[in-house]
Amino acid sequence: NIKGLLFDLDGVLVDTAVYHYDTWLRLAKTMGFTFSEKQNEELKGISRMDSLDKILGWGNVSKSDAEKLELATQKNNWYVEMINKMTPAEVLPGALDFLQSAQKQGYKMALGSASKNSSIILKNTNIAHFFDAIVDGNSVSKSKPDPEVFLKGAELLGLKPSECVVFEDAAAGIEAAKRGGMKAIGIGDEYILKQSDKVVSGLDQLAIQDLQEL
Ligand code: G6P
Ligand code: MG
């Protein structure tokens, strides 16, 4: 019996996945290389520093820790410039309706994101009030696919992992949910998210009743 919903943020509730991709690509170009949309899938759900390490690996460049910090800060400055301008219009199709009906039906809800920028995004898109608990990049030490972020979310909701469903657009996030003992709904591509209990193209394709059939 499902009682709690654990939502990833970027690419599930809001359209920020494309901002992450654009700004990482911009950073790679300053170093003289690019990477593909397929490679970008591997960056979804993982922390800023882990993302940078992967990208540097793809470009075959090595940097000192101080240089890495500078590069990550540059990327984040570009990214923050973009999310500072976000509005409620950038909540993904179906997400607001889904959050509203879930709240009405008494589900407890937590955020489970790797981002350190979650509070500004939640505020600008006006969805912060839906969440009983926020777990984000400021409160976890291990990146997805480690289940820490979702285990903390379930615990803060006072629920067992088996009573929770995770919503994720990243393969690493689906893996984290399964390792944590939760149900997982993939938002996006069926092949990329094949470990999920169910995959839909967006929250607009899902009804609250579907959760009890997982
Ligand atoms: C999410 C995104 C990743 C991003 C990570 C850290 O998990 O899917 O692409 O790298 O958060 O985000 P931050 O906003 O802290 O750089
Ligand atoms: Mg995501």
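Asp10 is found in the loop between strand E1 and helix H1 of this predicted model; helices (H or I, at least four residues) and strands (E, at least two) are DSSP runs, numbered from the N terminus. Asp10 is buried, with 24 other C-beta atoms within 10 Å. A residue is termed buried if 20 or more other C-beta atoms lie within 10 Å of its own, exposed if 12 or fewer, and partly exposed in between, with C-beta atoms placed from the backbone. Apart from neighbours within four places in sequence, Asp10 is in contact with Thr16, Ala17, His20, Ser113 and Ser115; two residues are in contact if their C-beta atoms, placed from the backbone, lie within 7 Å. The UniProt annotation "active site", from an unreviewed entry, covers Asp10 together with Asp8. UniProt positions are given in the numbering used here, feature names are shortened, and annotations may be inferred rather than shown by experiment.

Residues are numbered from 1 along each chain as its sequence is written, while chains are lettered from A and ligands numbered from 1 in the order in which they are written. Because the model is predicted, local features need pLDDT of at least 70 and side-chain atom pairs count only at pLDDT 80 or more, whereas totals for chains, interfaces and linings use all residues.

Asp8 also lies in the loop between E1 and helix H1 (17-30). With 28 C-beta neighbours inside 10 Å, Asp8 counts as buried. Outside the four places on either side in sequence, the contacts of Asp8 are Gly45, Gly112, Ser113, Phe167, Glu168, Asp169, Ala170 and Gly173. The unreviewed UniProt entry lists Asp8, Asp10, Glu168 and Asp169 under "binding site". These positions span 162 residues in sequence, yet no two of their C-alpha atoms are more than 8.9 Å apart, so they gather at one spot. Asp169 is placed in the loop between strand E4 and helix H8 (171-180), and is buried, with 24 other C-beta atoms within 10 Å. When neighbours within four places in sequence are left aside, Asp169 is in contact with Asp8, Gly11, Val12, Ala17, Lys44, Ile187 and Gly188.

Ligand 1 is surrounded by 16 residues, the closest being Arg48, Ala114, Ser115, Lys116 and Asn117; a residue is near a molecule or strand if its C-beta atom, placed from the backbone, lies within 6 Å of it. The shell around ligand 1 divides into 3 nonpolar, 9 polar and 4 charged residues. In this division, Ala, Val, Leu, Ile, Met, Phe, Trp, Tyr, Cys and Pro count as nonpolar, Asp, Glu, Lys and Arg as charged, and the others, Gly among them, as polar.

Strand E1 (residues 4-7) is covered on both faces: Gly4 and Leu6 on one side, and Leu5 and Phe7 on the other, are all buried. E1 pairs in the parallel sense with strand E2 (residues 108-112) over 4 bridges, and Phe7 stands opposite Leu111 in E2. E1 also pairs in the parallel sense with strand E4 (residues 164-168) over 4 bridges; here Leu5 has Val165 as its bridge partner. Two strands are said to pair if DSSP finds at least two bridges between them.

Helix H7 (residues 148-157) has Val149, Phe150, Leu151, Gly153, Ala154 and Leu157 as its buried residues. An α-helix has 3.6 residues a turn, so residues three or four places apart point the same way. The cover over the buried residues of H7 includes E1, E2, strand E3 (133-135), E4 and H8. H7 is followed by Gly158, whose phi is positive, near 75°.

Leu92 is placed in the loop between helix H4 (65-83) and helix H5 (95-104). With 20 C-beta neighbours inside 10 Å, Leu92 counts as buried. Leu92 and Gly202 are 110 residues apart in sequence and 7.9 Å apart in space, C-alpha to C-alpha. Not counting residues up to four places away in sequence, Leu92 touches Leu13, Val14, Asp15, Gly202 and Leu203.

Overall, the chain has 8 helices and 6 strands, which run β-α-α-α-α-α-β-α-β-α-β-α-β-β from the N terminus on. Among contacts between residues at least 6 apart in sequence, 61% join residues at least 24 apart. Buried residues make up 39% of the 214 residues.
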